[in-house]
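Here are my notes from a pass through this one. Have it open in your viewer while you read.

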Amino acid sequence: MKQLINFIGQQISKKILVWIAGSLGFSFFAIVAVILLAIIMIIGAVGGSTNNHSIGGNGLSACSVTGEIDEVSWNAAFSNAGAFTGKGDLFIELARLNGIDPVLAAAIAFHETGRGTSNAVVNKNNPGGIMDPATGWSKLMHFSTLEEGLSYTMANLKRRIIDDGLSTIESLGSVYAPIGAANDPNGLNAHWVPTVTKFASELGGLTMNCSPMGSQIVGNEAFKTILNEMLKYEGWSYVWGGYNPNMGFDCSGLMQWSYAKAGIQLPRTAYTQYKFAQPITRDQLQPGDLIFFKSANYAPVTHVGMYVGNGKMFNSQNDGVRYDDALTGYWGSVIVGYGRVADFSE
């Protein structure tokens, strides 16, 4: 933005602006304000953003596309994880011994230890913030080895998940980090669920007690590749004009980046993607197709999401990168059309 404003300043001198302002009866600063407003509108159109109010929907936890551990994502996450580096197999072994999801156990451990770098795990082999009952729960427990600490932590997690029935990230968060708790005066507990969800996405998605649409995902390997890429960023904040992981993503940027992982090159904006896709009807929708929306007045199409089945889409909107109901509610009321860029049927 700053570079663009500087460029305009270099091309249009103040003298010319003042002359124009005088001719039109406006002040110099009013002209500048008009130009800045035009720039903002142009950038919004380029990014393919949503409107500025928050839009509700069903945000769901990060789920594995196949129901199995994504080895590529899993190994990548454990390649640079502090005390956990190279310990991915140990997590899998101990989690399965306790009958719990390795991805969920690892996501919680990553969060509790700052990705394996906290003093508790580095110096005390304590990966779960476990307090010592012998000290009146005032000091962290010390374990002789990381394996011992992980075994204790996962056994404790098993009691919560299996014995208490807290099988989702949200339900576990209500116990591990209750919002509004007296011992959380700064409100940090509110970050527990989204951060654990983000780590679960990075690790390849949950493999137990999790289904993004409430049923088995339907689609070929290309569709699963695209969705699996998108799930890495579930829970990320929406970034206006973003089109890669270093920047973050707006709606069309997420589509362009993720479809490219399956060898499909999409144009940059929601509107150009709309023109690029083959038009289809609603009853022809299949997982992998695009749905286009008009959520603001600056362009014919201002938002895009990927249809994933059962009336839901995956997208980047003002509330973040997430699943949403695509055909009902707010989004259902602003649909412009549907498009196909490849055949993703099995």
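Where do the axes of helix 9 and helix 10 come within 9 Å, and at roughly what angle do they cross? Ground rules before the answer: this is a predicted model, with pLDDT of at least 70 needed for local features and 80 or more for side-chain atom pairs, while totals for chains, interfaces and linings use all residues. Residues are numbered from 1 along each chain, and side-chain values use heavy atoms, leaving out hydrogens and water.

1. The axes of helix 9 (residues 169-176) and helix 10 cross at roughly 135 degrees, coming within 9 Å. That makes helix 9 oblique to helix 10 (oblique is what remains after under 35 degrees for roughly parallel, over 145 for roughly antiparallel and 65 to 115 for roughly perpendicular). Axes here are lines fitted to C-alpha atoms over the stretch in contact, with angles from 0 to 180 degrees between N-to-C directions. Helices (H or I, at least four residues) and strands (E, at least two) are DSSP runs, numbered from the N terminus.

2. On the helix 9 side, the contact (heavy atoms within 4.5 Å) is made by Ile-169, Glu-170, Leu-172, Gly-173 and Tyr-176. Helix 10 brings Trp-192, Val-193, Val-196, Thr-197 and Ala-200.

3. Next, helix 11 (residues 221-231): 8 of its 11 residues are buried, so it is largely enclosed by the rest of the structure. Buried means under 20% relative accessible area, with exposed over 50% and partly exposed in between (1.4 Å probe, protein chains only). Among the buried residues are Phe-223, Lys-224 and Glu-229. The cover includes helix 10, helix 12 (251-260) and strands 5, 6 and 7.

4. Now the sheet: it is open, has 6 strands in the order 3-8-4-5-6-7, and pairs in the antiparallel sense (strands pair if DSSP finds at least two bridges between them). Strand 3 (278-280) and strand 7 are the edges, each pairing on one side only. Neighbouring strands are turned by 35 degrees against each other on average, direction ignored.

5. Strand 6 is worth a click: 6 of its 6 residues are buried, so it is largely enclosed by the rest of the structure. Lys-312, Phe-314 and Ser-316 point one way, with Met-313, Asn-315 and Gln-317 pointing the other.

6. On to the hairpins. Strand 5 and strand 6 have 2 residues between them, and Asn-310 in that turn has a positive phi of about 55 degrees. Another hairpin joins strand 6 to strand 7 through 2 residues; this pair is antiparallel over 6 bridges.
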